[in-house]
Every structure is written in structure tokens, then in C-alpha cells.
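Dear colleague,

Please find the structure below, together with its sequence. A short account of the findings follows it.

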Amino acid sequence: MPRDKFIMQTKYYVVPDNFKNIFTPASAPYKMLKESLERMKLDYIDVYMVHGHIHAGSIKQVAKSLADCVDEGLCKVVAVANYGVEDMLQMKEELAKYDIPLELNQCEYHVMRRLPETEGMLRTCREKGIQFQSYSSLAQGRLTGKWTPDNEPPKTYRFSSYPIKEIQHTLDVVKRIAEKRGVSMAAVALNYNISKGVNPVVGVRNLEQAKSNLQAFGWRLTDEEIREMDSVSIEGKHQALAAGLSSTRSDLSNE
């Protein structure tokens, strides 16, 4: 497949045992991207993303290193992941000094984790021209109907780790809409993100999953359906490992 026919994105992740992150934090993003390209046998990455504000270097230093990556053609655009609003805007400001935009912010988002929406991240991204990309868009399979109270996901499925019996009401609404529209539950869940202005990232392990996910395209949930899903949505927590629903389920309005 020609290189310009697919998009590749990768992340600068602060690996503790990599001395570049410790002794040369200002240039670590650049150096680690060079190594990634060598391993993948690629000339460039389309999207280079900083994996959370956990890096040893300051945002100012990381922005400069990201700018170097763009200037040398190692990546086309740069982005962040798991950044809060304040850090995201600071990164945008630092990148602007090099005439480079902050392309997107990637965070966990779906009907069972609306925290980026309720905290204003989605609104800020729209106002500032930053794309919002969601990971764990199907809550690691919980929004597909694959798991049941008698067949819980593995404990390693950390994101949105709610017991199925505690989210059954949410799943019932997604299933009802899916049956009404003649599409998969996954399609409804992904369309919910798309309808909110979110670009969902979703895993595909086989042909059936690919077909199921593709059903999310070519239509949009109605305002009434979105309100129905919002009414059984979960705000979620900051940490990846969610626990308990007593204070997280909300009747939340659209922004």
C-alpha cells in the first residue's frame, strides 16, 4: 500500500528505563521518534503525540523538540494525549512560537466517560481549533454487548472498569437504539462520539469487528436519541481505573 494511503500516529511515551528521558529531557521526543521510525522502517509519522504530561522536560522544552520533528519532516503534525485543558492550552501556546499548531488531544471518551465534555475539554477544543480524539471509544468492549454480568471482561481491561451489572441500564439504551436502527451496539456508541464532534479511535481484531464499526458511518443519532443516551451516561473519573457509580451517573445536558 502506498505510504500516502494510510495514516500512522505514534506517541512519545516516557519510558523510565530509557536514559534519554532522564538525562536529555529537552531532546527526548525528537530522539525517541527517530528510533521509532527506524524500528518501523518509515520515513515519517503523520501524527506524533505526547503521551500525557508525565515527561521530565517542561512543556516548553517538549514543544521545542516537537517543533524540531516537524521542521525535519519526521512527522506532519503534533498532538497530545491525556492533557488537561490548562496544559493543552500551554502546549498550544508554546508550539505557536514555532508557527506549529497543536492538532489534537486524545483522551478516553464515550457515553460511560463524559468527563472531557463535562469539564469543558470538548468545548475548548472546538473554540481553539483542536481536534478531540477518543481512545477506548467502546469502553474496551463494554459498549458492544460482548460482556455480561455472567461473563465480565478480564481484569486487565482497566479503562471504564465498571461491573457490567452496574452499567446495564446504559447498555440497555444503547442496545435499544441499535435494534431500532438495525446496526450494532458498537455503531451506536461510535456514532455518539462522532455526533459530539469527537473522532473515535477503535481497535479492530477481525473482519466482523471491522464491519460492526463501519456501521457507525452514513447517519447520525437524532437529538432525542443523544438526550436519551446522555440521561443514562456516566461522567467518569480522572483515573483510568474507575470504581463505583454512586456519584458518577448523571443526567447531563449537551454542551
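**Salt bridges and a buried asparagine**

Lys76 is exposed, as its relative accessible area is 52%. Please bear in mind that the model is a predicted one.

The side chain of Lys76 forms a salt bridge with that of Asp46, at 3.9 Å from N to O. This pair links distant parts of the chain, since Lys76 belongs to strand S3 (residues 75–81) and Asp46 to strand S2, 30 residues apart. Asp46 has a relative accessibility of 8% and therefore counts as buried.

Asp46 also meets the side chain of Arg3 in a salt bridge of 2.9 Å, N to O. Because Asp46 lies in strand S2 (residues 45–51) and Arg3 in the segment before strand S1 (9–12), the pair ties together parts that are 43 residues apart in sequence. Arg3 counts as buried, at 18% relative accessibility.

In general, side chains of opposite charge can pair when their charged atoms come close. The whole structure holds twelve salt bridges. Another of them joins the side chains of Arg181 and Glu225 (3.0 Å, N to O). Arg181 is in helix H7 (residues 168–181) and Glu225 in helix H10 (residues 223–231), so parts 44 residues apart in sequence are tied together. Arg181 is partly exposed at 30% relative accessibility, whereas Glu225 is buried at 3%.

Finally, Asn193 is located in helix H8 (residues 185–195) and is buried, with 0% relative accessibility. Its side chain makes a polar contact of 3.0 Å with the side chain of Ser134. Residues touched by Asn193 include Tyr109, His110 and Pro200.

Methods. Residues are numbered from 1 along each chain as its sequence is written. This is a predicted model: local features need pLDDT of at least 70, side-chain atom pairs count only at pLDDT 80 or more; totals for chains, interfaces and linings use all residues. Side-chain values use heavy atoms; hydrogens and water are left out. Helices (H or I, at least four residues) and strands (E, at least two) are DSSP runs, numbered from the N terminus. Buried means under 20% relative accessible area, exposed over 50%, partly exposed in between (1.4 Å probe, protein chains only). A polar contact is a pair of N or O atoms within 3.5 Å; within protein, one must be able to donate a hydrogen and the other to accept it, and residues adjacent in sequence count only if both atoms are side-chain atoms. Contact means heavy atoms within 4.5 Å. A salt bridge is a side-chain nitrogen of Lys or Arg within 4 Å of a carboxyl oxygen of Asp or Glu. Lists of a residue's contacts leave out its neighbours within four places in sequence.
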